[in-house]
Amino acid sequence: MKTRKRKIGIGIGIIRTAVVDARRNLIIGWMALLTAFFALPAGAQCEAKNDAFQSGEHVMYDLYFNWKFVWVKAGLASLTTNATTYHSQPAYRINLLALGSKRADFFFKMRDTLTCVIGEKLEPRYFRKGAEEGKRYTVDEAWFSYKDGLCLVNQKRTYRDGAFDESEASDSRCIYDMLSILAQARSYDPADYKVGDKIKFPMATGRRVEEQTLIYRGKENVKAENGVTYRCLIFSLVEYDKKGKEKEVITFFVTDDLNHLPVRLDLFLNFGSAKAFLNNVTGNRHPLTSIVK
């Protein structure tokens with residue numbers, strides 16, 4: 001078995017701008033980031049009150065690719081949340097499945113599954129992502145622990161041939177994974193944000209901890225795949241080149257109500273563009289007061 005190991009330490013106050021490879025992460029990356037725009041805790045405390053979701057919530061999305069100016073339905077995505085236990089303690093288990101259609105395989109093959117476990121107070125505990133994207137297959141895992149005011153994370157990426165990378169990191173802030181950030185951020189109130197405000201937070205990606213940057217763009221009414229129009233908050237995930245020039249990677253639209261559910265997402269890819277539209281939601285905790293009648 002091939003083994004590649006490395007350890008990465010992240011000290012307090014060190015910030016690195018994330019470079020998001022949209023070709024590799026495609027639809028999956030946005031699902032974890034699309035509600036990460038809320039004010040995040042500044043200290044090492046990862047615990048927060050859940051005001052947004054409940055066990056039994058199920059959300060469905062339709063995925064589309066743009067190929068030579070033609071929009072092609074690319075597949076489906078589902079996001080489910082259920083109560084569970086972790087090390088004999090009450091917890092939530094969140095699952096995300098993204099499945100490309102056979103027709104879309106001609107452009108880009110995608111079979112991705114993500115799972116995270118968070119405590120009742122929404123602190124990250126475990127994360128796993130199995131991703132088959134094109135000819136590439138990887139399994140990313142992350143284990144979270146807390147000691148002496150620090151958030152600690154051990155990460156492992158396993159490749160198709162059995163080789164793997166390992167890393168360790170710590171931060172005085174809470175470190176999130178792609179799904180725990182979704183769960184915790186949904187309970188925060190973005191009412192005080194102004195257009196143009198930038199929000200940064202650290203995220204475990206399977207190989208390292210990266211600093212993510214989001215920008216608040218304002219509000220807009222958006223019609224979803226189910227024919228319903230929602231009042232939405234708009235945010236952008238951006239990356240920066242060596243000269244500090246900003247490049248938009250993802251624009252997303254989230255319901256302006258207590259659920260903070262993703263309604264639409266626009267992805268800007270090297271080989272084209274993609275979109276995701278809300279199709280159906282059941283088991284939501286709060287009424288969808290963002291619906292425009």
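Me: Are Phe235 and Phe252 buried or exposed?
Reply: Phe235 is buried, and Phe252 is too. Buried means under 20% relative accessible area, exposed over 50%, and partly exposed in between, with a 1.4 Å probe and protein chains only.

Me: What sort of model is this, and what's the numbering?
Reply: It is a predicted model: local features need pLDDT of at least 70, side-chain atom pairs count only at pLDDT 80 or more, and totals for chains, interfaces and linings use all residues. Residues are numbered from 1 along each chain as its sequence is written, and side-chain values use heavy atoms, without hydrogens or water.

Me: How many aromatic pairs are there?
Reply: Five. Rings of Phe, Tyr and Trp (its six-membered ring) pair if their centres lie within 6.5 Å; planes under 30 degrees apart are stacked, over 60 edge-to-face, the rest tilted. Among them, Phe53 and Tyr92 are edge-to-face, at 5.2 Å centre to centre and 70° between the planes.

Me: Where do Phe53 and Tyr92 sit?
Reply: Phe53 is in the loop between α1 and β1 (58-67), and Tyr92 is in strand β3 (residues 89-100). They are 39 residues apart. Helices (H or I, at least four residues) and strands (E, at least two) are DSSP runs, numbered from the N terminus. Both Phe53 and Tyr92 are buried.

Me: Back to Phe235 and Phe252. Why is that pair stacked?
Reply: The ring centres of Phe235 and Phe252 are 6.1 Å apart and the planes are at 15°, so the pair counts as stacked. Phe235 is in strand β11 (residues 229-240) and Phe252 in strand β12 (residues 246-255), so the pair ties together parts 17 residues apart in sequence.

Me: Which residues do ring pairs link into a cluster?
Reply: Tyr216, Phe235 and Phe252.

Me: New topic. What does Ser180 contact?
Reply: Cys116, Ile118 and Pro124, leaving aside neighbours within four places in sequence. Contact means heavy atoms within 4.5 Å. Ser180 is found in helix α2 (residues 180-185). At 0% relative accessibility, Ser180 counts as buried. The C-alpha atoms of Ser180 and Glu123 are separated by 7.5 Å, though the two are 57 residues apart along the chain.

Me: And confidence: where is it lowest and highest?
Reply: Helix α1 (residues 22-33) is lowest, at a mean of 49, and strand β7 (residues 150-159) is highest, at 95. That is pLDDT, the predictor's confidence in each residue, from 0 to 100. The protein averages 81, and 80% of the residues score at least 70.

Me: What about residues 1-24?
Reply: pLDDT stays under 50 there, and the model has 60 contacts for that stretch beyond four places in sequence.
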